[in-house]
Amino acid sequence: MTNFPLGTVLGYPRIGRNRELKRALERYWRGDLDRAGLDAVRGEVRAAAREALAEAGLGRTDSSIPEAASTYDHVLDTLVTVGALPARFADLTDGESDVDLDAAFVLARGDASHTALEMTKWFDTNYHYLVPEISATTTFRYANRSRADEAREAAAAGFTTRPTIVGPVTFLALAKAADDAEAGFSPLQRLDDLLPVYLEVLADLRAAGAEWVQLDESALVAETLDASPAELAEAAARAYAALAGASERPQLFVATSYAALPDAAYRALAGAGVEAIGFDLVNGVAPAAIAEFPAVQHVAGVINGHNIWRGDLEAALAKLEELRATGAKVSASTSTSLFHLPHTLDDEGALDAGLRSWLAFANEKAGQVVVLARALNEGRDEVAAELEAASAALAQRAEATGVRVPAVRERVASLTAADLARAPFAEREVAQEQALGLPALPTTTIGSFPQTGEIRRARQAFNKGEIDEAAYEGFLRDEIKRVVDLQLELGLDVLVHGEPERNDMVQYFAENLDGFATTANGWVQSYGSRCTRPSILWGDVSRPAPITVRWAEYAQSLASQPVKGMLTGPVTILAWSFVRDDQPLGDTAFQVGLALRDEVADLEAAGIQIIQVDEPALRELLPLERARHADYLKWSVDSFRLSTAVAKPETQIHTHLCYSEFGEIIEAIDGLDADVTSIEAARSRMEVVGDLEAHGYPRGIGPGVWDIHSPRVPSEAEVVELVEIAERSIPARHLWINPDCGLKTRGYDETVASLRHMVAAATQAREALSAKQ
Ligand code: MET
Ligand SMILES: [Zn+2]
């Protein structure tokens, strides 16, 4: 068996350098591409990933290239591999043959007869995985052999790559108890039943030629899961004793990312006989017990896989040398999979040359790992030139114009507690009731309306200079009028302008704020075929001019109902951008908060009575280590309040949070002090409203009644049912009726039908309410 390579990356972007896979998927789902066509693109994307990493300098046959392609989601891949289909998908399999990709798509996207799996954020990132549902009766079987097929495909192309799957502990730790599970059931209880399938998978991968397999076990670093770190470490000890004990298997590389690997978990893995263990040295420190396990290969994540900065290569090497000095066997690696990054800077010719020299995308990060591996192998003198170039870029960045702007820093420094506080809610509630005069159970939407092909084409034409600004603005005004008229016709109570001018809710602000740059092709996967193009926040942030005011003002001029002004909050702007790494995030958040504060004041002055500041990423940035929570919650809440507290009592502040697992941050949500908060709740059938009730949440709340992540149109009766569930926990005067999230990814047919059902359901619920009174 071969040694573990001296340099590796934990994963690679999966969607294709030019989003080939995204496009192929969408054509396939629309029926414009057949399965053979889709499979051909999938194969090309896998081949291109291997070639790109080989070109960056990773070895073709030394297992340093991860075989980490995924067509929709890697947790879904693992779910299908181990055949853990929830009961409601039982009709997709005969229980014996392989579960195919088409079945996986139904799990992911739902269809007329299946509600899709839930999605939630992958650790503290902006990537969404599909949440497995496990109960005492879930069956496990080796039900999809794609990983082994891919290893064979790699071999045929002259590679020995390293198949990558989610490890058994993480798979179960990230799962939720299925609805039919008994109270108190935890998916980890099924570990011993799952392990035999992993043994089969390992044997099959070995037979396919894999020398090493990578099992991602990042759950071991998280303190925010249902299972405690001690339970997770105990599960790891059991799981890996079983897997390492197998005779037919590749060598095991257990990778962990996103925070420090706790000593207990490290000992569990090393003690079980795992041959290589990876840990994150960007967001964590090395486990203390390393010296006790000299046989283990320690794969040190010293190159940040989750940001786009070229960073301090010298410091990364110093970490490796320090580890090696303890006598440990050391390899260089990225801290996380590179699927959080765009493919390559080669596609960013238009980027400012200075800024570009400070950056590294996936291919360039792989190149950095290769440099470090050479230093480990041949000595640091052999890479002196590369180290020097990286240090020079870093020094130049620190001094560059715009990175530190005195006026911005002085404004932040002069803030006081009074700048963060509004009048008490009781007072605001009365003032808003008078100002707005809304009915009980008001209906609204989350902001965006469908981004039609026509809108995208108009934006493209404008960006290419094919139409001038006046023509584009005229187009947007017509679109806004259409959306406002539609909402009037549907009978919604609080309107939106529909956000047609925004390519993306963060990028739009980034493009209009100083301190940001945008990329040409910097796409990263968000979920399935959905990609985002995060902006690069590289300098001090300020707002040169009002951003959204003219659109909101125009929309408001078309209706007597209130139109919500629509902003993206500071935490979300940070979470969905590539942020600077040279100062605490909280400092950056305050700069963004101040810029938004100016926008709130201007919206209000323009006559906008309701302003929504979206913070869907509030939960996502919550650190995985509990010790860091207090600091995070303080700056995230304060930066939101900084942006909104400028509003008068009669101005109603809304916020929107995607996802509903926020038991953990309910104090923070309360701390935002928004008058109304909309949240996702439809897929979990309002699970979250109980948490809110238990907490005694005192202000307005809009639990989503329509799951907009699926093309399914909810019936009026379904919506009524969800409203009734919500009414049991939330006082009617605080309850709002809205979809789970924005509608930009939906088509107009579904949108109109669903909103019609939603408004009709609200009318029914109102009638029931007044009958009761
Ligand atoms: C991901 S949250 C989206 C909120 C935004 N206002 C929208 O409706 O699209
Ligand atoms: Zn949302």
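**Figure 1. Helix 25 packs against helix 26 at an angle of about 50°.** In this predicted model, helix 25 covers residues 716-729 and helix 26 covers residues 748-772. Their axes lie 8 Å apart. Are the two helices parallel or oblique to each other? Angles of 65 to 115 degrees count as roughly perpendicular and those under 35 as roughly parallel, and at about 50° helix 25 and helix 26 are therefore oblique. As for handedness, helix 25 passes helix 26 in a right-handed crossing.

**Figure 2. A closer look at the residues where helix 25 meets helix 26.** From helix 25, look for Glu716, Val719, Val720 and Val723. Their partners in helix 26 are His757, Met758, Ala760, Ala761, Gln764 and Ala765. What is the make-up of this contact in nonpolar, polar and charged residues? Here 7 residues are nonpolar, 2 are polar and 1 is charged.

**Figure 3. Stepping back to the protein chain, with its 26 helices and 21 strands.** The radius of gyration is 26 Å, close to the 28 Å given by the globule rule for 773 residues, so the chain is as compact as a globular protein of that length. Along the principal axes, the C-alpha atoms fill a box of roughly 75 × 60 × 50 Å.

Figure 4. How many of the 773 residues count as buried? The share is 54%.

Notes
Residues are numbered from 1 along each chain as its sequence is written. Chains are lettered from A and ligands numbered from 1 in the order in which they are written. This is a predicted model: local features need pLDDT of at least 70, side-chain atom pairs count only at pLDDT 80 or more; totals for chains, interfaces and linings use all residues. Helices (H or I, at least four residues) and strands (E, at least two) are DSSP runs, numbered from the N terminus. The radius of gyration is taken over C-alpha atoms; the globule rule is 2.2 Å times the number of residues to the power 0.38. A residue is buried if 20 or more other C-beta atoms lie within 10 Å of its own, exposed if 12 or fewer, and partly exposed in between; C-beta atoms are placed from the backbone. Axes are lines fitted to C-alpha atoms, for helices over the stretch in contact, and angles run from 0 to 180 degrees between N-to-C directions. Angles under 35 degrees count as roughly parallel, over 145 as roughly antiparallel, 65 to 115 as roughly perpendicular and the rest as oblique. A crossing is left-handed if the near helix is turned anticlockwise from the far one by less than a right angle, and right-handed if clockwise. Two residues are in contact if their C-beta atoms, placed from the backbone, lie within 7 Å. Ala, Val, Leu, Ile, Met, Phe, Trp, Tyr, Cys and Pro count as nonpolar, Asp, Glu, Lys and Arg as charged, and the others, Gly among them, as polar.
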